[in-house]
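Biologist: Let us go through some labels and what backs them. Please show the structure.

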Amino acid sequence: MLGDLKGLFSNDIGIDLGTANSLVYVRDRGIVLREPSVVAIEAGMTTVLAVGDEAKRMLGRTPGNIVAIRPMKDGVIADFEITEAMLRNFIQKVHNRKLIAPRVVVAVPSGITEVEKRAVKDSATHAGAREVYLIEQPMASAIGVGLPVHEPTGNMIVDIGGGTCEIAIISLAGIVFSRSLRVGGDEFDDTIVAYMKRAYNLMIGERTAEEIKMTIGSAYPLEEELSMDVKGRDLSAGLPRIMTVRSEEIREALKEPLNNILESIRLTLERCPPELSADLVDRGIVVAGGGALVRGIDRLIAEETGLPVHIADSPLTAVAEGTGRVLQELQFLRRVASSSGE
Ligand code: ADP
Ligand code: MG
């Protein structure tokens, strides 16, 4: 009975602690928060000034003494205190204090250490969680896109985020093999910045590079190639200049980071136990994360591996949706436990 009441009056929370974006899922409500994983602090200090959207907004507007930190940027926890501040902020934003302390499921990068996992758990507890469960992001991602992870069949997920790409083969609710590489959307942006400098002597910012990637970026030849005007600073004249860039050029620039991802996919497939390999021939690979939105990435991976490749319906929310499903399952597990006389 008490278990039921708790279910009624608490708003259990699922969190995708991404390298670029964090999402929060509240049970029965869905995704209620989606903010950049950014914390603003005063230079040289540890006092947190703002978190998420607010931190990102402050950046452009405030003189140099405020620095933005992306504590999860490399798929590891660079700074425990800052990560804790971020997690606490997100939980507090969605948790109604009148309710019973929530149970929290946090999806963490698969590369983090036991010490880092402990730190995430402690942070969530400090932020008011009643119980904390961790799940690895590729597992959450696979659950979120609806793969039958509990079945004795091989499932493969490639989640291309901002700072990392996580590749995993999952069967019987466990990760059979996974690998995390520090290549993702950020790296795509960096190579575009480098390309514009090399090819046109044009200096562009990371934001502009990201815009180019989203507007005309591709991994495979397009039926209709695209182009766009790009503004930057001419490095020789030192003056603002506008250039037209074609999708073919950007694709060429993205080749190197994309090749790194392809190579990791290949290595993962090589390590895959034969029975599961056989499953993948039919089931193929699911691609999620913001990087899945690069045009033609499915065709590139399919051509490289000879396997069917599917892009998740909602690549940016897959992990958060997965934590949401896990919350439902916790509830289910609890109900089963209480009906058997807990
Ligand atoms: P993380 O889980 O690591 O926080 P996300 O899955 O949120 O990362 O993906 C963020 C990355 O996806 C960023 O590098 C962003 O530029 C990229 N991204 C988002 N939308 C698109 C798009 N339409 N085309 C290409 N890249 C995109
Ligand atoms: Mg992610």
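Biologist: What makes the pair of T19 and G162 a polar contact?

Modeller: The backbone nitrogen of G162 lies 3.4 Å from a polar atom of the T19 side chain. A polar contact is a pair of N or O atoms within 3.5 Å; within protein, one must be able to donate a hydrogen and the other to accept it, and residues adjacent in sequence count only if both atoms are side-chain atoms. The model is predicted: local features need pLDDT of at least 70, side-chain atom pairs 80 or more, while totals for chains, interfaces and linings use all residues. Side-chain values use heavy atoms, without hydrogens and water; residues are numbered from 1 along each chain as written, and chains are lettered from A and ligands numbered from 1 in written order.

Biologist: Why is T19 called buried?

Modeller: Because its relative accessible area is 6%. Buried means under 20%, exposed over 50%, partly exposed in between (1.4 Å probe, protein chains only).

Biologist: Which residues does T19 contact beyond its neighbours within four places in sequence?

Modeller: Among them are S37, R70, M72 and K73. G161, G163 and T164 are also included. Contact means heavy atoms within 4.5 Å.

Biologist: Which polar atoms of the protein lie by an oxygen atom of ligand 1?

Modeller: A backbone N or O atom of A20 lies 2.7 Å from a ligand 1 oxygen. For an N or O atom in the side chain of E210, the distance is 2.5 Å. A polar side-chain atom of K213 lies 2.6 Å from an oxygen of ligand 1.
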